Amino acid sequence: MDAVKALHTDIQPLEIYHFGGDEVAHGAWEKSPRCEEFLRANPLYNITHGLKNYFVERVAKLAAERGLSLGGWDDGFSDGAAPLPAGNLSKVELYVNPWNNIWEWGSGSNAYKYANAGYKVIMTQATNLYFDHPQEPDPEERGLYWATRFTDTRKVFDFRPDALYDNIREDRSGTHQSKHDICGEDMSKCTLLKKPENVIGMQGALFSETIRTSANMDYMIFPRILALAERAWHKAPFEETGASSQSDWLTFAKALGEKEFRRLEAKGVQYRIPPPGARVSADKVTVTTEYPGLGAQYSSDNGSTWQNTSVNHPTTVTWNQAGSILLRATNAAGTRNSRSVKLTRGPVKKWSDQKDVDYIAANLTVFVEVFDNLEKDAEYFMTMSVRFGNVGAQNITAGSWKIYFYTLYGAKPGEKLACGMTVGHVNGILFFFEPTSSDAFPGIPSGGTLRCLYKNWRWIVSRTDNMPNWYVAADGMKAQKLASTVDEAITYVGAFDTPQKWKRAKEDIFNPYTPAVRYDILHRGPSQKRPFKIIPTPVESKIDAGKTTKFDPSTWTVKPSAEFPFESLFIIKSLNISRTPNNAPSGHIQFVQQKAADGAGEESYELDINPESNEVVIKVSTATGALHGAQTLISLVENNDGTLFRATIKDHPRYSYRGVMLDVARNFKPLPWILKFLDVMSMYTLNKLHLHLSEDEAWRVEIEGIPELTQVGSKRCHSEYRDDCVIPQLGSGPDTDTSGTGYYNKTEYQAILRYANERHIEVIPEIDMPAHSAAAVFTMETREDEIDYKRSHGNQNLPESFLLFDHKSAKDVLSVQKWKQNAMNPCMNSTYRFVERVIDALIGLHKDIQPLRMFHMGGDEVAKGVWNGSQECQNNPDIPNTILNNTGQLQRVFMRRASDIVAQKNLDLAVWEDGVYADANPNPITDYKSKTPGDGRVSRTVELKATVSSSVVSAQEISSYKLLVLCVGVTRIFPLDGDAVEREKLFLCEAFTVNTPEQKIKEIKSEIYAVEAYFKMKMETAVIHPSKACGCTCTCSNVEKPNNTKPRLTKPRPGGKNITDPSFIEILSQYEEAY
C-alpha cells in the first residue's frame, strides 16, 4: 500500500486503494497453525467468515491510517448474505464493485444492498459489463462462457444501472426469464434501492485469461467500451420509460460504423469487426452488417479468393458445389475483416442436439443396393439406391444432422436428391447425406421409410465396395454409429442378383459362378502324379516312400550347433522336442556347415533323411539356408503325421527377392498379428516384408522428434478439434476403437525387426510420398498451429517446422482416391527436412537390430495439377517457369531431391513404377544415380570408392568394372570432361568385398577366403589387372595394362596361399558376371 501510494505522489495522489477481496476458497486457512492460535485468542472470529472479515478489517485500518478510501469486489466485503457493517471498517470510505448479478445464483441484489449499507457502488455487473465474455454465442469467438453466454456491444449499450432488475432477461443458458421470475410479482424477493445517491458510477471489466496479445485486447474491448462510455455519460430516454432501445441503438451503431471506427483506426486500434448476416432469396444473397459503413465480401473457394458484395442489396453470387459460400465483413477501407462464416443456400435448418443424434443412431435403418451399374451419365456416374427407415417412436425431421458414409469411388458432391437430401464430400472416401432444407426434406415418420437415388462414380460390384460403421453427427454433438450398419458382414447392402448389379460395364463378360460352373472348374479326375510334399517346391528332391522312420519329439534330439544356435532352437520349439529326453535318444537332427554348391547361393541347403540311422542332416553355408532347411524338415514332419521318408533334398531359391507388401496404414494390424505373419512368411521362405506404413488415411510408426504423426495421424475419428485425429475412412466410424486407429511405437517396431531378423526376413519400410500423404500433411499443419501459438506468446524455443503443403494458394485437386491436399509440395524446403527426419528416424529404429538397407518412397498416383498455382513453386528460384504447371516434372524435382537424401544415407531406394515417370515416360536413371535391377524397384548404385595412385584415370575403365569397393573414409571419384575423373582425397580402406544382395560381409569373407587373407596381410601394394579399380590399406601403385583381361591380384601373402590362386580368380569372375 505504501509503495503504490508513493508511485502516485506528486502526479495523481492516491485516493482509493482496491484490495480485490473476491473468491476466497472455503477452508483456505483451516490447517494454518497461526490462524488456529489466533482463533483461540479471539473466539469472536471463529465463525464461517470470521478470518476473512478480520483480514478486511485490518486492511481497512491500514487504509484509514494512510488517509485512503478502500475499494473491493462485492464478495470481498461480504459477511455471507449481507455486507460487512461499514462501521466495523475503521470508518474509511468504502467503494464496492458488485459483479455477481448471475440471477439464478440469488445474488443479483448485491449492488442495492451495498448502496443501502452506505458503500459507494460502482456498477460492474458481469452479465452486461464483463468484456471477457464472447461477443456472440459462437465457439469461434474468443472469451469465457460463465456469467452469460455472450455480451455484445448492444448488451452493454442496453444496460440500465438505475433500474437494475430491468436487466433480467435470460439465465446463463439462454432460457427467458423476467424480473418477476426472480423478484416475484410484488418484487418482494429482491432488495429495492433506498439510497440511490450511493450508486456513483459504472465500469467495464476485462479479465485476460484468454487474451494474450495486444490485438486480442483491442478485439475484446472495442467497440464495447464505446457503449460503456455512452451509458456512463448519458442517461437515455428508454431507461426512464422502460421502452425498447432499438431506435437509440440504430443511431448509435451508425455513428460507430460511419465515424468512430475511422477515428479508432487512426489511433491504431484493431477493434472487432462483427461477421455479417445474410439471407438467401431466389438464389440471391442480401448481406447486412452490424454497423452501417462496413463492407462485405464472399468466397466460393473456401477462402482462397474473395469478392466484394453489396450490403443491404440482393446480389447474385457464385455458389460452390456444396451450395455454400463464406462471408466476412470488412472495414470501410477493406483492409481488415471479420472472421468468416458459412452461408448455405436454402432455408436454415433446425439445430440438432444430442438427443436427435442419439435417436437417429439407434433407430435409423439403412438399406443400400445398386440400382444400375451399366447405365452411366456423361461423367461416368452410375446410380445407387439407399432406403432409410425409422423404427423408433419419433419422427425424424430436418435438422443440422448429417449421415456420414463411405464409397470407394466417390459420390457426386453437391447433388440434390429428389428425396430432399443433398450429398456432400469431406475428404477421401468420406461423404455425407444431409437434409437439403426444412422445406425440401419430407422427414421420415415413425415406422416409415424414405428412398433416395444418388450417383456414384464408376461402379459398385461387390458387397465389400461398401463399408460398415456409417454414423450420424451434428455440430457440437458427439457423433454416433448407425446401429444398423455396425456389421462386418455388411448386411445392410442388398443382393447382387442381376447383371446390372454385378457387372462393371456392358462389355464386362464376368458372371458369378453358379454351382454347376464351379463344379466344372473344380472337377478333377484321378491324378497319376504324387502330390507335392513340400511348398515351395525344391529344386531337387529324391524321396523313397518305402523307407520310413517315426519322428518322436520325446526321444529325438537336436545336436547343439555353435554356428546356427537360433535355427537349432527353432526346430526344438516348432516340433516340441524335449530338451531332456525321457529315454535314450532315438534320432538326431544336426546342422553341418559347408560351402554352398556352385551357383546355389547362400540361401541354399541340403537335407538328408536317413531312416536306417534315424538321422537328419541339414547341410548349409549360412544361417539363412539353415532356417530354410529347418522349415522344410518341419513341413515334412507336420504334413506326414510324424512319418519321415528317406529323402535327399537339394534346394535354393529362384529369386533372391521374395516379398510381400502389407498395407498397415489404411487398416492397422496389431503387433501379435504381424509376428504371426512373419512366422508364416518364414514357413514358406518369403524373405522381404514391405511394410506400407503411411497413407492418406493414417501414419503408423513412431518418428522421433515428430510426435504429432502418431499422436494425431495414427488415430481416425470424427472431431471438431483439429489436433484430435484424422478423419474417418474405410468404415472406421467416428470413434478410435476400430482398425482405423493404431501405430507401432519404438519398442513394437523394433520387436518386429528382431522377430523378422531372426527369421532372415528383411523389413523394408515404405513412407509413401509425395502423394498419398494427407495424414502427414494434416498433422504437420497441426504442428504448425502449435508453433504459431508459441511464437505469438514470445516463445523463442520453437519446434522445427515441417510444413508439407502450400495451403494458401494450391488448388483442391482430387486424387484418384478422392483426396484433397494429399501431396507434399516439391518446392518447399520444409518438405525435404521432413523427408530427411523421417529417414533418419527409421535408420535409428533399425540400427543394431537389422540395419536399414532399403527405403521405399512410394511415389505413386500424384494427382495431375495438384501443385498448379502454388505460390511456393512460383517463388522458388530453382523451379523453371516452364514446369510450374507440369505435375510430372515437379514430381521429378521431388524424386531427385528425395533420392539424393536416400543416397547420402547410403541406402537403396525403392518406388512404385509411376514414381519415376514424368510425362508418361520413365525419367532418366541419372536422376537418381541408380540402377534398375529388373524387379520393378530402383536401387541406388553404390559409388565406386577407391584410393588411386594418380589424380586422373580413365572414367570408362572405372565405370566398366563391376566389382565395387566398400570402404570407410575413402576417396570419392568425380567425372571430369571427356574420360577423366578426379579424386577428392585419400583415406585408408578398412574393408574390401563385392556388393552382394545381402551385404553380409562376414559371410562373404568366410566364403571367399582369399579376400579374408588379403586383408590380414596388411599389404603395401595391390593391383587389379587390367587397371579398372583397386582397393588397399595404403596407396595403389604399379597400375599396369597387360593384354590379358582376367582380373588378378599380384603379390603373395608371406607364409600363406598366393593371392593369384586360380580359385580366387574364378570367384571374382563369378561375382563379376552375376553382379
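A disulfide joins cysteine 717 to cysteine 725, with the two sulfurs 1.9 Å apart. This is a predicted model, so take that number, like the others here, as coming from predicted coordinates. The torsion about this S-S bond is about -80 degrees, so the bridge is left-handed. Both cysteine 717 and cysteine 725 are buried.

You'll find serine 714 in the loop between helix 18 (708–711) and helix 19 (746–758). Its relative accessible area is 2%, and since buried means under 20%, serine 714 counts as buried. What does serine 714 touch, once neighbours within four places in sequence are set aside? The contacts are Trp699, Arg700, Leu709, Gly740, Thr741, Gly742 and Tyr743.

## The other bridges

The disulfide count comes to four. One of them pairs cysteine 419 with cysteine 452, sulfur to sulfur 2.0 Å. The bond has a torsion of about 105 degrees, so this disulfide is right-handed. It ties together distant parts of the chain: cysteine 419 sits in the loop between strand 17 (402–406) and strand 18 (421–427), while cysteine 452 belongs to strand 20 (residues 449–457), 33 residues apart. Cysteine 419 is buried at 7% relative accessibility, and cysteine 452 is buried at 1%.

Cysteine 827 and cysteine 873 make another disulfide, with their sulfur atoms 2.1 Å apart. Which hand does the bridge between cysteine 827 and cysteine 873 have, left or right? Its torsion is about 90 degrees, so it is right-handed. This pair also links distant parts of the chain, with cysteine 827 in the loop between helix 20 and helix 21 and cysteine 873 in helix 22 (residues 871–875), 46 residues apart. Cysteine 827 has 4% relative accessibility and is buried; cysteine 873, at 1%, is buried too.

## Around proline 826

Proline 826 lies in the loop between helix 20 (774–792) and helix 21 (829–846). With 2% relative accessibility, proline 826 counts as buried. Leaving out residues up to four places away in sequence, proline 826 touches Tyr832, Trp867, Leu890, Val893 and Phe894. Leucine 804 is 22 residues from proline 826 in sequence, and their C-alpha atoms are 8.5 Å apart.

After helix 16 comes aspartate 641, which has a positive phi near 50 degrees.

Helix 14 (residues 515–522) holds isoleucine 521, which is partly exposed at 48% relative accessibility. An α-helix has 3.6 residues a turn, so residues three or four places apart point the same way.

## The whole chain

Zooming out, the protein chain has 27 helices and 40 strands. Of its 1075 residues, 48% are buried. The chain exposes about 52600 Å², and carbon and sulfur atoms supply 51% of that area.

How many of the contacts between residues at least 6 apart in sequence join residues at least 24 apart? The share is 69%.

Methods: Residues are numbered from 1 along each chain as its sequence is written. This is a predicted model: local features need pLDDT of at least 70, side-chain atom pairs count only at pLDDT 80 or more; totals for chains, interfaces and linings use all residues. Side-chain values use heavy atoms; hydrogens and water are left out. Helices (H or I, at least four residues) and strands (E, at least two) are DSSP runs, numbered from the N terminus. Buried means under 20% relative accessible area, exposed over 50%, partly exposed in between (1.4 Å probe, protein chains only). Contact means heavy atoms within 4.5 Å. Accessible areas come from the Shrake-Rupley method with a 1.4 Å probe; for residues, only the protein chains shown count as cover. A disulfide is a pair of cysteine sulfur atoms within 2.5 Å.
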